[in-house]
Amino acid sequence: MLFTDIKNAIEVNWINNSKLPNNDAIIRSVLNLSDIDSAEARLRRFAPFIKMIFPETVESKGIIESPLVEVPELRKALNREKIGANLAGKLYMKMDSMLPIGGSVKDRGGIYEVLKYTEDLAVKNGVLESYEDDYCKLASPAAKAFFSTKKLHIGSTGNLGLSVGLMGKAIGYEIIVHMSSDAAEWKKELLRSKGVIIKAYEGDYVEAVSKARAESEVDANGHFVDDEDSKEMFLGYAVAGKRLKKQMRQQGIVVDDKHPLFVYIPCGVGGAPGGITFGLRQFLGDNVHCFFIEPTQAPCVLLGMVTGLYNNITVQDIGLSGKTHADGLAVGRPSAVIGDFIKPFLTGIITVKDKRLFDYLRILWESEKIFIEPSSCSAIHGPVCWSHSKEMDDYLEDNNLHRYMENATHIIWATGGGMVPEDIRQELLAKRV
Ligand SMILES: *Cc1c(COP(=O)(O)O)cnc(C)c1O
């Protein structure tokens with residue numbers, strides 16, 4: 001039984017029977033394509049400012065985006081006997097690990113939310129005269145002095161702290177990152193070196209977030225970047241759908257009835273994979289099939305969906321630890337906005353054991369010389385599942401997709417790892433659990 005397997009930390013492949021065609025799903029949706037377009041327009045307004053303060057974005061003209069790369073050697077390696085993926089079609093990686101500034105998918109949602117809040121404040125307080133003003137004014141000493149009186153509070157397992165912290169500091173905010181016990185030491189060090197205040201807790205992510213929320217509530221100049229309940233962050237992630245569509249067109253990758261697209265995205269609270277899935281379904285329609293990947297000890301979004309309790313249940317409630325080497329996914333309770341909202345758009349959820357993450361980390365490094373962090377490696381398990389999962393095979397059968405698998409494109413969403421220091425990389429490459 002599915003629930004028993006989840007409870008016993010057994011790897012599962014859950015196909016979501018509540019998925020709807022996009023046209024039906026969107027009717028019930030509180031957000032739509034034009035919300036994503038306006039989020040993208042906001043990012044474009046900020047681009048000249050971002051280009052000015054982050055030299056690594058000069059080439060992309062201040063647009064924070066990552067490459068889409070084919071990984072044929074990884075495909076070969078996964079298809080070898082040891083893993084036995086037997087994957088047809090083409091395999092790609094979306095390299096959010098290479099996103100400038102924070103080096104993870106959190107650059108999409110986290111930075112977007114900081115910019116949205118900044119724009120609101122700036123226009124309301126005359127730092128910018130209007131939405132058509134020159135946003136480079138935000139780098140002026142007067143603007144910095146204004147923002148230095150404002151505070152951002154964030155709860156984070158690490159990467160959100162990096163994205164919000166680095167962008168927030170560049171604008172001038174005081175930043176307080178409340179970190180869970182899972183957060184890597186080097187992430188705390190890096191943030192401290194930029195002048196970010198770190199508050200570390202013994203507890204998990206849920207505790208860090210509640211501390212951050214409580215502190216910001218009594219702080220008149222504070223704003224809480226709420227990873228568990230933010231529409232803004234969600235839209236920042238969703239912009240990826242629009243950008244990926246364009247990128248695929250430029251690379252001649254076809255998505256239609258006879259050329260399905262499968263996307264595998266690591267999942268913590270669900271904001272990042274949820275936003276990306278929503279964006280992909282809006283821009284690429286019903287021929288994109290999105291899977292979330294969660295650790296067997298922290299499958300909070302899966303648990304919320306199969307029980308129908310969403311954020312009213314935690315993995316600890318059913319006896320799981322919530323602990324995983326995939327630190328970015330070490331979350332016991334899902335986002336409040338994600339479950340019910342994303343269900344009609346989502347194909348399924350796959351869970352993966354920690355020990356595989358380090359095998360995938362090494363296989364990827366050896367085959368493609370690409371390094372990504374353990375959380376990200378969870379997504380590599382997605383394409384591997386087709387060869388041995390009855391549930392996933394049935395999904396292909398039910399949707400008449402078997403005959404098109406030779407034409408399929410698979411995208412592993414590489415959500416992070418760009419900022420990992422060299423010594424930690426070596427440690428992770430050698431690690432076995
Ligand atoms: C945060 C994170 C995720 C998942 O994002 P959620 O919004 O928490 O679901 C995936 N991978 C990495 C590397 C992350 O840092």
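Colleague: What should I know before I start?

Modeller: This is a predicted model, in which local features need pLDDT of at least 70 and side-chain atom pairs count only at pLDDT 80 or more, while totals for chains, interfaces and linings use all residues. Residues are numbered from 1 along each chain as its sequence is written, and side-chain values use heavy atoms, with hydrogens and water left out.

Colleague: How many residues surround the ligand, and which are the closest?

Modeller: There are 16 in the shell, and the closest are Lys-106, Asn-159, Gly-268, Gly-270 and Thr-415. A residue belongs there if one of its heavy atoms lies within 4 Å of the molecule.

Colleague: Which classes of residue make up that shell?

Modeller: It holds six nonpolar, eight polar and two charged residues. Ala, Val, Leu, Ile, Met, Phe, Trp, Tyr, Cys and Pro count as nonpolar, Asp, Glu, Lys and Arg as charged, and the others, Gly among them, as polar. Helix 11, residues 271-284, gives the most to the shell, with three residues. Helices (H or I, at least four residues) and strands (E, at least two) are DSSP runs, numbered from the N terminus.

Colleague: What lies 2.7 Å from an oxygen atom of the ligand?

Modeller: An N or O atom in the side chain of Asn-159 lies at that distance. A polar backbone atom of Gly-268 is also 2.7 Å from a ligand oxygen atom. For a nitrogen atom of the ligand, an N or O atom in the side chain of Thr-415 is 2.7 Å away. The protein covers 99% of the 380 Å² of accessible area that the ligand has on its own; such areas come from the Shrake-Rupley method with a 1.4 Å probe.

Colleague: Changing topic, is Lys-94 buried or exposed?

Modeller: Lys-94, found in strand 3, has a relative accessible area of 1% and therefore counts as buried. Buried means under 20% relative accessible area, exposed over 50%, and partly exposed in between (1.4 Å probe, protein chains only).

Colleague: Which side chains does Lys-94 contact?

Modeller: Its side chain has a polar contact of 2.8 Å with that of Glu-65 and one of 2.7 Å with that of Gln-247. A polar contact is a pair of N or O atoms within 3.5 Å; within protein, one must be able to donate a hydrogen and the other to accept it, and residues adjacent in sequence count only if both atoms are side-chain atoms.

Colleague: And what is phi of Asn-86 near?

Modeller: The value is near 55°, which is positive in a residue other than glycine. Asn-86 lies in the loop between helix 4 (72-79) and strand 3 (90-95), and counts as exposed because its relative accessibility is 65%.
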